[in-house]
Amino acid sequence: TPALEIHHLTFAYPPGQVALRGINLRVMPGEHVALVGPNGAGKSTLLLHLNGLLSGDGEIRIFGTPLTPKTLQQIRRRVGLVFQSPEDQLFCPTVYEDVAYAPCYAGLPPQEIAQRVREALQLVGMQDHAERSPFHLSLGEQKRVALATVLVMQPDILALDEPTAGLDPRGRRELSLLLQSLPQTLILATHDLELVRQVCPRTVVLEGGMVIADGPTAQVLSDP
Ligand code: ADP
Ligand code: ADP
């Protein structure tokens, strides 16, 4: 079963700004797929559909299950969305609390929460910053904590919007290595073509809300 299937997804922001025009896409488990295209192409809008934050016409299936109001809760546990700006995801006094927030809310036992938070912070290299305020971290560190707040729920699909935007070269390199190593299905919306070459064997190009190319990254990015 594909991790993600999108059939004929169309969406307009009220009162009529069309952002997606009949998107079809199929991603297999474990695939790392880049979503590229100019500003306004529809990348962010597409990501917001993957866990039901927006809902257009058409069909989305996650591991075969159609995304509907009934399956929304269940699907949100399988699809983790990392927003472009970490401020949208960090709101607690400490890094630890931010990463523990979702597993607490999900009602996981305290011991498991503590272990998952430790693992997630370790994965993003922030294990020594658990007691710091997220608001006093660098942007790169904030972005890693935001990623940890999603990884802690162990999603099968991870969708990231501009993960390297605003990072310095070292932060970029570290994030790239981390993303390369993740076993999850990755959907990565970005303008960072170097990152795409490093992390994603496959690239999908969006333009005007449509898929205009989809194939091996080397091929798609070399086409004029
Ligand atoms: P990206 O960096 O992904 O291209 P955008 O610059 O398109 O992001 O959008 C940044 C934010 O502004 C998003 O929250 C998006 O929903 C919002 N936004 C983008 N275009 C419009 C618009 N025409 N009207 C209102 N909000 C918009
Ligand atoms: P991208 O992420 O590729 O830059 P977006 O998904 O942000 O593209 O935007 C796709 C289209 O939808 C653009 O025309 C943008 O202006 C519009 N748009 C995005 N967010 C909003 C919004 N909140 N309200 C109205 N229009 C929006």
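**Entry 1: the model.** I'm working from a predicted model, so I kept that in mind throughout.

**Entry 2: ligand 1.** Then I looked up the distances. An oxygen of ligand 1 sits 2.6 Å from a side-chain N or O atom of Ser 44. For the side chain of Gln 84 I got 3.1 Å, again to an oxygen of the ligand, and for the side chain of Asn 39 it was 3.4 Å. On its own, ligand 1 has 550 Å² of accessible area, and the protein covers 30% of it.

**Entry 3: ligand 2, the shell.** Next I listed what is around ligand 2. I noted Tyr 13, Gln 17, Ala 19 and Pro 38, then the run Asn 39, Gly 40, Ala 41, Gly 42, Lys 43, Ser 44 and Thr 45.

**Entry 4: ligand 2, the contacts.** Which atoms of Gly 40 come up against an oxygen of ligand 2? I found a backbone N or O atom, at 2.7 Å. Lys 43 uses a polar side-chain atom instead, 2.8 Å from a ligand oxygen. Thr 45 also works through its side chain, where an N or O atom is 2.5 Å from an oxygen of ligand 2. Taken alone, ligand 2 exposes 550 Å², and the protein buries 62% of that. Strand 2 (17-27) and helix 1 (43-50) are the elements giving two or more residues to this shell. Helix 1 gives the most, with 3 residues.

**Entry 5: a cis peptide.** I moved on to the backbone. Pro 14 and Pro 15 are joined by a cis peptide bond, with omega about 0°. I placed Pro 15 in the loop between strand 1 (4-13) and strand 2.

**Entry 6: positive phi.** Gln 154 has phi near 50° and lies in the loop between helix 5 (139-151) and strand 7 (157-161). Glu 162 has phi of about 45° and is found in the loop between strand 7 and helix 6 (169-181).

**Entry 7: buried or exposed?** I checked both for accessibility. Gln 154 comes out at 44%, so I put it down as partly exposed. Glu 162 has a relative accessible area of 9%, so I wrote it down as buried; the cut-off for that is under 20%.

Key: Residues are numbered from 1 along each chain as its sequence is written. Chains are lettered from A and ligands numbered from 1 in the order in which they are written. This is a predicted model: local features need pLDDT of at least 70, side-chain atom pairs count only at pLDDT 80 or more; totals for chains, interfaces and linings use all residues. Side-chain values use heavy atoms; hydrogens and water are left out. A polar contact is a pair of N or O atoms within 3.5 Å; within protein, one must be able to donate a hydrogen and the other to accept it, and residues adjacent in sequence count only if both atoms are side-chain atoms. Accessible areas come from the Shrake-Rupley method with a 1.4 Å probe; for residues, only the protein chains shown count as cover. A residue is near a molecule or strand if one of its heavy atoms lies within 4 Å of it. Helices (H or I, at least four residues) and strands (E, at least two) are DSSP runs, numbered from the N terminus. Buried means under 20% relative accessible area, exposed over 50%, partly exposed in between (1.4 Å probe, protein chains only).
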